[in-house]
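Subject: Structure for you to look at

Dear colleague,

Please read them with the model open beside you.

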Amino acid sequence: MEKVLINFKDGKVKTFDDVRTTLISGNFLIVIYKQGEITTVDSNEEAYALTINEIFDLSQILNYTVKTKTKKYDQE
């Protein structure tokens with residue numbers, strides 16, 4: 001999973017955890033992430049996995065950082 005930090009030109013900052021992927025298409029940054037949801041309907045719990053796409057105009061973004069966790073291996 002990746003963590004994404006977006007800095008906007010107006011000074012706002014938005015952070016995403018558990019991001020599946022980011023991509024640039026045309027003049028837009030697309031952030032795709034998943035989120036779990038549990039709802040109760042008639043005393044029955046239903047679980048859903050939501051795939052959420054957020055789209056940002058690159059003209060409003062100063063920069064963004066994608067942080068990917070890795071594992072360090074000993075070098076012998």
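Of the 76 residues in the protein chain, 17% count as buried, where buried means under 20% relative accessible area, exposed means over 50% and partly exposed lies in between, with a 1.4 Å probe and protein chains only. The model is a predicted one, in which local features need pLDDT of at least 70 and side-chain atom pairs count only at pLDDT 80 or more, while totals for chains, interfaces and linings use all residues. Residues are numbered from 1 along each chain as its sequence is written, and side-chain values use heavy atoms, with hydrogens and water left out.

The protein chain exposes about 6,200 Å², of which carbon and sulfur atoms supply 47%; these accessible areas come from the Shrake-Rupley method with a 1.4 Å probe, and for residues only the protein chains shown count as cover.

The secondary structure comes to 0 helices and 5 strands, these being DSSP runs numbered from the N terminus (helices H or I, at least four residues; strands E, at least two). The radius of gyration of the protein chain is 17 Å, well over the 11 Å that the globule rule gives for 76 residues, so the chain is more spread out than a compact globule; the radius is taken over C-alpha atoms, and the rule is 2.2 Å times the number of residues to the power 0.38. Along the principal axes, the C-alpha atoms fill a box of roughly 45 × 45 × 25 Å.

The 5 strands form an open sheet in the order 4-3-2-1-5, with antiparallel pairing, where two strands pair if DSSP finds at least two bridges between them. Strand 4 and strand 5 (61–68) are the edge strands, each pairing on one side only. From one strand to the next the twist averages 45°, with axes as lines fitted to C-alpha atoms (for helices over the stretch in contact) and angles running from 0 to 180 degrees between N-to-C directions.

Strand 2 and strand 3 run antiparallel and are joined by 6 bridges, with T22 standing opposite V31 of strand 3. Their hairpin has 2 residues between the strands, and G26 there takes a positive phi near 65°. Strand 3 pairs in the antiparallel sense with strand 4 (residues 44–57) over 14 bridges; Q35 stands opposite L50 of strand 4, and F28 has D57 of strand 4 as its bridge partner. In this second hairpin, which also has 2 residues between the strands, D42 takes a positive phi near 50°.

The largest nonpolar core has 10 residues, namely V4, I6, F8, F16, V19, L29, V31, Y33, F56 and I61; such a core is a set of buried Ala, Val, Leu, Ile, Met, Phe, Trp, Tyr and Cys residues joined through side-chain atoms within 4.5 Å. Strand 1 (2–8), strand 2 (13–25) and strand 3 (28–41) are the elements that give two or more residues to this core. Leaving aside neighbours within four places in sequence, V19 is in contact (heavy atoms within 4.5 Å) with M1, E2, V4, V31, I32 and Y33.

One further residue deserves a note. I30 lies in strand 3 and is buried, with a relative accessible area of 17%. Its C-alpha atom is separated by 5.7 Å from that of E54, 24 residues apart along the chain.

Best regards
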